[in-house]
Amino acid sequence: MDKDEQVMAALVKAGPSKEVPDAEVSGKEPRSPWSEGVSRRSFFKLGGLLAGTAVVGAGLGGCSQEGGAKVPDSASSGAATKGETEIGYTVYETDMLVIGAGFGSVSACSEAARLGQKVLVIDKGPYGFGGACGMNWDVVYTWSPKGTEAQDSVFARRTVNKQLFINAAKSDPYQPDDYLPIINWGETLNDRNPDGSIHLKVDMPMSQQAEWGFPRHWLDHFGKADNITIHDYTMITDIFVNDGVCIGAVGIYLPTGEFRVYRSKATILAAGGCTGIYGWVTLSPVTNNVPDNTSDVEMAVFRKGGRIGDSEHAAYDMMGIVPSGWASSEGSMFGGDSLDIEFMLDKDGVAFCMDPALDQDRMLVDRIYFNQIVAQVIMDGRGGPNGGIYLPANDEIRKQMRYMYLRCVNLIEEKTGADLREEPMECLIEMYEHGGTPIIDDNMMSTEFAGLFCVRGAATLAEGGGSHQNRNRVLGGYAMRCAMEYIKKSYKEPEKIDWQDAEKEFSRLTDLRTREVSGGIRPITIQRKIQRATYPAMGVIRTTADLEAARKELARIAEEDIPKMALSDHASAYNRDWKDAIETINLLQLARLSVEATYVRPETRGSFYRPEYPEANDDWKCTLGFYDDGKGGLAFDKITWPDVPYPA
Amino acid sequence: MKLTITRFNPSVDAKPYDQVFDVPTFENMTLLEAVMYVHENLEPISFDYTCRGRLCGRCSVMYDGIPVFACIQFVSEGSHTVAPLEGFPVIRDLIVDKRREQKAIADTYERVRIAPLTREEINSQMTTEAADKLRWIEYCCRCQVCTVICPAKKDTPQYMGPSRLLAVAYRHFDPYDQADRLLEAVAGGLWDCQMCGSCTKVCQNSPEIHHLDIWKELRADATARGLTVANPKGV
């Protein structure tokens, strides 16, 4: 971004890496008034690959060559740590840091723009081209004509922290939050009635919907706002904690590998849900979610001792995977849902949903029930070779299909020569959303780290299994209001800042990049193992045997593979191997939390069904806040929230 | 297949170099899958993608010299090349920095108005005719593939190029926008376009985007306003 470039050009870098181009080092441009880059440097010893994580493996022995990957093979055995090294980094200062640039972030930025709050937004990918907001798909926007308060009373049926939603709704000056702000952010919503007025796809007293939404326009709008500075291609890998208070975040500017510290009075985490642990089909886990979402900040909170909740909860849908992973995308997939039950077939061509023993009416309104029926058919061996069921793109389905999916069917047929009327497509149950976020209070703030606000914090959708653009819109704005209130009333300038907190993280990252291991395993290889191990355990039906197998394999990966993780590429500039390594550790941690949080619940809850415990158990009607027990294991708190009534 | 990948780490290498990889193919294999195979099994490659289905444009690369989306470009046996998208600074290997151009496009898309729209204006000022034009332009994912191949952009570097001209057209058709977008289109090189249709030929969202029809309409509107130039191209 232009502003980004300006700020960057203002830096005087202390970076040790000769790989950083000189153009980044000039100090002639005027500094941006709200975000200054100041260079710092530090000497420290490298080492401690997984320090602070509960997945630390013990031994380094038994090294064996993995796969055919080219991996550096050092003469010494085990992990070789470098000696004392100088690592430079740049410090940026802002009042308000927002991590993420999607629906939650835009909502927060909208409030910031309205209230005149200056904000620095971090995007892991190129701004405008990441996450659900950064791709051209036709989003259906949902709102309540009676305002967010009424809508949340519907949405929050499975929400545990109800007070939070009452707070959010009561402090929302934009009720009802319909298409008015969206169109003023640049959209045209061009599905129109003959008189040119907005055509409502759904028009009910409690819910209205409009389609043909392209939220990239929102990013255009806020990317141009005077009070918003964007740092993109920046991967946050840790929160910056001083005296127990979150005073920002740290990470890597990916194009050069430069380390960055963002000092802020308040920090809002607005990154998307991570489904990256759920299987793998050539290019993607079994999900339409995006690869940038790897739970980087959430798992950093965990490593720092924070509690993580809702990782057992996820949201599922049906997604085509034929011919391969390229079709598992919003832009190329053909999937079905409970509206298509009469057409869904098992491998023998039987429309299994229409079994008279099943409740077809319930399937239409109860997505969880429907998903479990599909999952059961697959478990019974009636699915296809990839573990999916079949759906034909017949003329009847095409007639009711939204254009964005019809164009996917056209693409698949054009590219492969297949006729999907005749050849039903195999569809898997995809995990499209996922919890696994910090525990927050009624004001969106982390219960462990003052100053850290989380749009998708635990218990916001809870058993609903992740998030929703509508909910992100409500809670992103509320998080911004809470964070501004915190700065005004509670924030105290630190007497002294201990930079070692950030420097330790840079030590960890440098060690990940430079370490050499005899018989090392590349991070991407380990990542695939994590995805394969987690897939059977984190579906809609989770048997105890599958959970136990996943626990065992994930523990083995932590103990045996992670210590041997080493890169084939040690460069700092956009090093995909390095990024994979950082993400692999996060994915392993999230996978472990997800499996464990299911395993300890002797019940069926939310989207998941445990055959051994087919009913919900009221003793477990709570959020499980998992944390590192300090001894290499996990512990959890049962957190309950008052069952407050919604205002009329 | 033999896949030649152009490698480059600009902070280390003096210049880009080619590396050949043996990649086993399967039916309906995409270029993105081939690059992923190399990254997973042979050697780390810096490449980028997010949507896997022509919605984000992040995987745009040159395949055998033609700009494509790696996500929906099928590969075949034989020798093929993949290189970073031409005309942009290389960050590393197949990742290029398109941010300057994409920021210019984003800024162009920003609607210009005196005051925010009211609910009544939203419902009374749009027409179905305008909406029908707007809805297809939405599918432009701003990947720059058309700008890379555009001969007018090569001949007249001042020309804003097709993807940014689409943004101007979008707001010209948007009845809520109050800026003079025709003037913007003409000043940006509407008459420099050679009307050759290369943009549509390489467009990965060609089912929706018909550049020439849009350029013709812009030109007709500009002509009606007297916004013509002495030596228009592609007439």
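A salt bridge is a side-chain nitrogen of Lys or Arg within 4 Å of a carboxyl oxygen of Asp or Glu. With that rule in mind, this tour visits several such pairs in a predicted model, together with the interface and helices around them.

**First stop: a salt bridge within chain A**

Select R421(A) and D395(A). Their side chains meet in a salt bridge, with 2.6 Å from N to O. The pair links distant parts of the chain: R421(A) belongs to the loop between α11 and β15 (425-434) of chain A, whereas D395(A) lies in helix α10 (residues 395-400), and the two are 26 residues apart. R421(A) has a relative accessibility of 37% and therefore counts as partly exposed. D395(A), at 43%, is likewise partly exposed.

**Second stop: the interface of chains A and B**

Display both chains and select the residues in contact between them. Chain A contributes 88 residues to this contact and chain B contributes 69. The area buried between the two chains is about 6600 Å², and carbon and sulfur atoms give 50% of it. Now highlight F129(A), R407(A) and R576(A): these residues supply 11% of the area that chain A buries against chain B, more than any other three residues.

Polar pairs may be shown next. Across this interface there are 47 residue pairs in polar contact. The elements giving two or more residues to the side of chain A that touches chain B are α1 (2-9), α5 (179-184), α6 (216-223), α11 (403-416), α14 and α16 of chain A. Of that side, the largest share comes from α11(A), with 7 residues.

Seven is the number to look for here: the rule finds 7 salt bridges between chain A and chain B. Select E40(B) and R528(A), which form a salt bridge with the closest N and O atoms 2.5 Å apart. Then move to R142(B) and D220(A), where the closest N and O atoms are 2.8 Å apart in another salt bridge. R142(B) lies in the loop between α4 (128-137) and α5 (145-149) of chain B, and D220(A) lies in helix α6 of chain A, so the pair joins two chains. Are these two residues buried or exposed? Both R142(B) and D220(A) are buried.

Chain B has 235 residues, of which 60% count as buried. Among its contacts between residues at least 6 apart in sequence, 62% join residues at least 24 apart. Within this chain, select R181(B) and D177(B), whose side chains meet in a salt bridge of 2.9 Å, N to O. R181(B) and D177(B) are both buried.

Return to chain A and select E312(A), E463(A), R601(A), E603(A) and R605(A), which are joined into one network by salt bridges that share partners.

Next, select helix α15 (residues 544-561) of chain A. This helix has 18 residues and reaches 25 Å from its first C-alpha to its last, close to the 26 Å expected. Its buried residues include T544(A), L547(A) and A550(A). The cover over the buried residues of α15(A) includes α14 (523-534) and α16 (576-599) of chain A.

Finally, select F506(A), which lies in helix α13 (residues 500-514) of chain A. F506(A) is buried, with a relative accessible area of 0%.

Notes
Residues numbered from 1 in each chain as written. Chains lettered and ligands numbered in written order. Predicted model: local features only at pLDDT ≥ 70, side-chain atom pairs only at ≥ 80, totals over all residues. Heavy atoms only, no water. Helix = DSSP H or I, 4+ residues; strand = E, 2+ residues; numbered from the N terminus. Expected span 1.5 Å × (residues − 1). Buried < 20%, exposed > 50% of the residue type's maximum accessible area, 1.4 Å probe, protein only. Contact = heavy atoms within 4.5 Å. Buried area = accessible area lost by both parts, 1.4 Å probe. Polar contact = N/O pair within 3.5 Å; in protein donor to acceptor, adjacent residues only side chain to side chain.
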